[in-house]
Amino acid sequence: MPSVSSISVFGKYLDQPALVKKLYNAMPGILTAAAAGYGVYDTYKTAENDRRKKGIKNASVLAFTVASALIATRGLKINGKQIFEGLIELPHLHGHDIEKVLSKVQDEKSRKLIEQVKNSRVLKFSDVKYLMNQLNKEFHDVRAIKNIIPDAHNHGPFAELLNLSVLGLIPVLGGIAGGVAGDKLSGEDWKKQVPNKIKEGSYQYLNNIFLCNVGAGLGALAMNHFNVKSRTARFAAMLSGVVGVGLVAGSAIANFIGKNYINPLFDKTQKKTGSFKDMFKNLNSERHPEALDLSLHIDDVASVGFVSGLKWIGPVLPMLYSVSGYRAGIGYRNGKSVRNNNIG
């Protein structure tokens, strides 16, 4: 019986519910520490006479963003009452399947390792490899390990992508709310700053989150049409959709919506529509893609991995989406005319 590949072992090592839960439990502290560290850094690189205001704004935006990202992931419970269910479902063990294997397996070391899994212990990579090979040998089935370390439950790519779209939206809204609160607390004219926050929030959400999920969904739809089951092939197809819709066309689509539908809401002197041709003019005048925007698409790779069954990615997503929430909260714009007027 051939040995299982190291790639398969690594995938199953990361599938361990106890490992995912460990990362999930650590994420609030990691995310809070990262946000606090960045807030201090960004505040102290500001000119000394502006540091107080900058510190207040950063504290407000980051607090709202982090809190909303964690609530989106973990849910919200007040006085024992569940107000909001978290959008990330943790993988879990199936006791019946474990007992079924335990009743048949002969190897003593394998039995001990299975008991460790049963007791929510994280197995080492070498132990997972040993267990996979031994179960394969005894049961003549490479899928036997799934009874001990189960594959993550998947609700279907479209349901998962819808959840991720909502998960990405919540930190963006939280960042905007934190930005408004920070402006008020620092004595700024918060009403004047709101339009840039809304426009940046819509850009972040459409370009860096939602449209990428649409692209991934189109990739999944193609795989479903051709009845492709391979996890690797589905991952590649969804990632191709992300690149095509999100990375290549996302900025133009987001700016088109911003220019023609969002800007007129805040600038009554701007006509909502001119000629059809005018709707496509100067789309990047306020907001053009830059290096950080491209790097933010790492969350799309993570999202596709999550939908493909890599559930250990789930606890990390709030940290990735929080970057978009922060930039929305400070009302970041990189067009020259806007940048000159934006103190955020």
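Guide: The following conversation sets values beside definitions.

Guide: This is a predicted model, in which local features need pLDDT of at least 70, side-chain atom pairs count only at pLDDT 80 or more, and totals for chains, interfaces and linings use all residues. Residues are numbered from 1 along each chain as its sequence is written, and side-chain values use heavy atoms, leaving out hydrogens and water.

Visitor: Why is α3 called roughly antiparallel to α7?

Guide: The axes of helix α3 (residues 51–74) and helix α7 (residues 157–185) cross at roughly 155° and come within 7 Å. Angles over 145 degrees count as roughly antiparallel, so α3 is roughly antiparallel to α7.

Visitor: What makes the pair D42 and K54 a salt bridge?

Guide: A salt bridge requires a side-chain nitrogen of Lys or Arg within 4 Å of a carboxyl oxygen of Asp or Glu. For D42 and K54 the N to O distance is 3.6 Å. D42 lies in helix α2 (residues 17–44) and K54 in helix α3, so the pair ties together parts that are 12 residues apart in sequence.

Visitor: How do you know whether D42 is buried or exposed?

Guide: Buried means under 20% relative accessible area, exposed over 50%, and partly exposed in between (1.4 Å probe, protein chains only). D42 has 6%, and is therefore buried. K54, at 17%, also counts as buried, whereas K45, at 53%, counts as exposed.

Visitor: What makes K57 and D183 a link between distant parts of the chain?

Guide: Their side chains meet in a salt bridge of 3.8 Å, N to O. K57 is in helix α3 and D183 in helix α7, 126 residues apart.

Notes
Axes are lines fitted to C-alpha atoms, for helices over the stretch in contact, and angles run from 0 to 180 degrees between N-to-C directions. Helices (H or I, at least four residues) and strands (E, at least two) are DSSP runs, numbered from the N terminus. Angles under 35 degrees count as roughly parallel, over 145 as roughly antiparallel, 65 to 115 as roughly perpendicular and the rest as oblique.
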